[in-house]
Amino acid sequence: MIACKSNSCEDTNPLLKQYNTPFEIPPFNEIKTVHFLPAFKVGIAEQMAEVESIVTQSEKPSFENTIVLFDQSGKTLKNVERVFYNLSGTDNTDTLQSIDRQVTPLLTKMKDDIAMNTKLFNRIKTVYNNRNNGELDSSQIRTVEKYYNDFMRNGANLSKKDQDSLRKVNEQIASLKLKFGENLLAETNSNFLMVVDNIQDLDGLPQSHIDAAAIVAKEKGHDGKWAFTLQKPSLIPFLQYAKNRSLREKIYKAYFMRGDNGNEYDNNETVRQIANLRAVKAKLLGYNNFADYVIAENMAKTTEKVNSFLLELWNPALNRAKKELEQMQAIANSEGADFNLESWDWWFYAEKLRKVKYDLDESELIPYFKLENVRDGMLWVASNLYGITFEKLDTLPVYHSEVETYNVLDSDGSHLGIVFFDYFPRGGKRPGAWCTSFRPAGFVDGQRKAPLVSIVCNFTKPTNDAPSLLTWDEVTTLFHEFGHGLHGLFETGKYQRIIGDVERDYVELPSQIMENWCAEPLVLKHFARHYKTGEVISDELIQKISNSGLFNQGFMTVEYLAASILDMDWHSINEDSLVENTKMFEAKSMEKIGLINEIIPRYRTTYFAHIFDYEYAAGYYVYIWAAVLDADAFNAFVESGDIFNTELASKFRKYCLTECGEGDGMEMYIKFRGKEPDVNALLKRRGLLN
């Protein structure tokens with residue numbers, strides 16, 4: 001252990017001690033913000049000392065004395081990072097943001113120091129060159145190849161001059177990404193609140209959403225009024241149901257103008273610089289553009305294949321969206337509207353169209369989707385598929401009082417892992433839903449370390465009169481993130497570098513396939529019960545859900561594809577075509593594909609966190625790429641005549657979740673399915689074949 005001072009010493013800093021807690025969960029009640037910066041510094045120093053120990057050995061490089069030691073290095077730092085960045089996502093504060101700003105350049109420098117360490121790379125390269133001499137098994141060979149490729153892709157083979165340039169670029173990108181995230185958090189959670197003081201302005205909203213808005217207003221100091229935020233549980237129902245068109249316009253414009261308001265949180269210049277710097281980085285590393293650099297590691301392999309795939313879907317989706325728009329405009333005209341529909345009208349008139357075409361009002365469904373029932377139904381599905389069980393525990397350490405925890409037991413009764421569920425919005429919580437971990441699966445001293453999986457959402461909070469009730473989209477979101485969670489619970493292997501490691505355009509398969517089960521009548525009958533009467537959802541409503549499966553698919557596919565194409569355009573620039581004006585670049589990108597004015601990309605540039613804050617740069621397309629996989633994979637269960645076919649589930653678990661890091665994504669998928677996926681399964685599901 002590196003020598004340290006107060007707040008950093010192992011005997012005083014809980015982040016640096018062995019966690020003496022059930023399942024070695026981080027002791028959240030002991031961890032204070034003052035502990036993070038010293039712990040980061042200790043972790044960085046330990047990591048660098050471990051690397052130095054590897055490169056100063058006198059023995060010639062081997063798998064054991066180089067690859068294994070490097071694979072096992074940095075445990076302290078990884079533990080600190082997981083706690084810090086998970087809390088930054090769920091309960092961010094000015095203090096945590098300040099620490100992040102201090103830590104980011106330290107981590108960036110450390111990662112570059114390691115990636116460009118010539119002695120370390122030469123040792124790895126020696127093992128790599130001898131990997132096929134018969135001494136290593138397939139897992140070891142794959143681990144060696146992954147590390148060698150990591151170093152090559154991070155500049156280990158560049159000249160000293162180019163390495164210095166790459167270091168500077170990496171430092172700038174890291175700082176800008178941090179700024180982007182801080183701006184977006186402020187624009188989403190702090191800089192807009194729509195307060196309504198006239199109940200008539202809420203005409204059309206279900207009572208549950210009116211009650212929720214009253215609670216928000218009281219929390220924000222507007223007791224007796226109603227308040228709406230830019231968080232999805234507040235925003236979307238207002239757009240769907242509120243008859244007041246001017247207020248719909250107000251809140252939607254606030255949403256899609258985040259980061260584009262010319263204020264201190266404006267992201268236009270930030271994203272322009274990030275994209276341009278990524279183009280510079282790609283050239284330094286020998287690629288034409290950043291998209292080429294990223295996609296070379298994906299299942300798609302080439303930018304051209306991704307662009308072709310997206311455009312193949314674009315025209316059918318756009319044509320369908322235009323038909324949806326015509327139908328909605330007809331409804332508006334029949335009601336005496338004297339305006340053409342705008343983007344803030346889509347959700348409102350889509351609900352009317354759903355009622356006309358399918359006799360389904362989503363507000364009819366919401367009372368059947370009590371959060372706790374949906375959760376229990378989801379766990380029931382997993383139990384039926386994989387034989388695992390869930391034991392709710394109320395005494396485990398948690399980072400917030402709203403978080404609940406489950407002990408997960410495998411079919412043989414052995415401990416599989418812990419799952420944290422964090423359901424509701426908070427002031428410091430970033431928007432959206434995600435799955436992460438406080439500890440991934442792994443092996444230490446030959447013993448399996450069970451994962452600590454965390455699933456985070458932003459659902460409507462309970463009110464005085466009603467529990468948390470989910471929309472259908474939120475039901476599928478919970479199943480989706482739980483699919484990621486199952487991936488985290490099941491993955492295993494001896495080497496951290498390849499445990500659960502899959503290509504970016506494969507990673508959404510485990511999550512998206514779970515969405516298929518929640519719409520099955522057998523599953524709906526199990527969990528969909530009216531929160532007041534306990535009545536099981538009727539066959540009639542289930543049939544309406546099924547009938548409306550193609551509802552609004554044009555819109556949803558177009559807004560998604562538009563964002564994916566925008567992402568690809570941002571990362572297809574090169575040093576000869578750097579962006580000068582963010583707004584003009586986005587406008588030209590959307591004009592090029594003929595996006596209609598009534599639909600905007602799911603994420604506009606200035607709040608496109610997936611690509612400018614998280615790790616989906618040149619990779620937002622992966623959701624629909626993986627949708628081809630998940631549609632085809634679920635068809636295997638349907639074709640078998642049993643959606644809970646345990647033999648198929650066992651194969652899916654083995655090849656697509658547990659051992660997925662042992663081979664390329666398509667190779668592992670074919671081991672499960674016996675063939676490559678059929679794109680028609682997706683096109684049929686979305687009604688885009690004709």
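For sorting lining residues by class, Ala, Val, Leu, Ile, Met, Phe, Trp, Tyr, Cys and Pro count as nonpolar, Asp, Glu, Lys and Arg as charged, and the others, Gly among them, as polar. The structure above is a predicted model, in which local features need pLDDT of at least 70 and side-chain atom pairs count only at pLDDT 80 or more, while totals for chains, interfaces and linings use all residues. Residues are numbered from 1 along each chain as its sequence is written, and side-chain values use heavy atoms, with hydrogens and water left out.

Let us begin with the open spaces. A pocket here is an open set of points on a 1 Å grid over the protein atoms alone, with protein on both sides within 12 Å along at least five of seven lines; a cavity is a set of points where a 1.4 Å probe fits but cannot get out, and lining residues have an atom within 4 Å of a point. Grid points are joined across faces, edges and corners, and a volume is the space filled by probe spheres set on the points. The second largest pocket has a volume of about 560 Å³. Its lining counts 29 residues, and those closest to the centre are Val216, Glu219, Thr229, Gln231 and Pro425. Sorted by class, this lining holds 15 nonpolar, 10 polar and 4 charged residues. At least two lining residues come from each of α7 (160-189), α8 (207-219), β2 (226-228) and α9 (232-241); such helices (H or I, at least four residues) and strands (E, at least two) are DSSP runs, numbered from the N terminus. Helix α8 gives the largest share of the lining, 6 residues.

The largest cavity has a volume of about 80 Å³. Its lining includes Ser208, His209, Thr460, Lys461 and Pro462, and by class the lining residues divide into 5 nonpolar, 4 polar and 1 charged.

Now follow strand β5 (residues 415-422). Of its 8 residues, 7 are buried, where buried means under 20% relative accessible area, exposed over 50%, and partly exposed in between (1.4 Å probe, protein chains only). Strand β4 (residues 404-409) runs antiparallel to β5, joined by 6 bridges; two strands pair if DSSP finds at least two bridges between them. In this pairing, valine 408 stands opposite glycine 417. The hairpin of β4 and β5 has 5 residues between the strands, and there glycine 413 takes a positive phi near 90 degrees. With strand β9 (residues 452-456), β5 pairs in the parallel sense over 5 bridges, and isoleucine 418 of β5 faces leucine 452 in β9.

Charged pairs come next. Side chains of opposite charge can pair when their charged atoms come close. A salt bridge is a side-chain nitrogen of Lys or Arg within 4 Å of a carboxyl oxygen of Asp or Glu, and the whole structure has 45 of them. Lysine 429 meets aspartate 422 in one of these, at 3.0 Å, N to O, and both residues are buried. Glutamate 586 and arginine 604 form another, at 2.9 Å, N to O. That pair links distant parts of the chain, 18 residues apart: glutamate 586 lies in helix α22 (residues 582-593), and arginine 604 in the loop between α22 and α23 (609-612). Both glutamate 586 and arginine 604 are buried.

A salt bridge of 4.0 Å, N to O, joins lysine 671 to glutamate 667. These two lie in helix α26 (residues 665-673), 4 residues apart, about one turn of the helix. Lysine 671 counts as partly exposed because its relative accessible area is 42%, and glutamate 667 does so because its value is 39%. Elsewhere, salt bridges that share partners join Asp91, Glu402, Asp422, Arg426, Lys429 and Lys461 into one network.

Serine 88 sits in helix α3 (residues 75-90) and is buried, since its relative accessible area is 12%. Beyond neighbours within four places in sequence, serine 88 is in contact (heavy atoms within 4.5 Å) with Leu96 and Gly428. Lysine 301, in the loop between α12 (290-295) and α13 (303-334), has a positive phi near 75 degrees although it is a residue other than glycine. Alanine 618 also is not a glycine, and its phi is positive at about 55 degrees. Alanine 618 lies in the loop between α23 and α24 (622-640) and is buried, with a relative accessible area of 0%.
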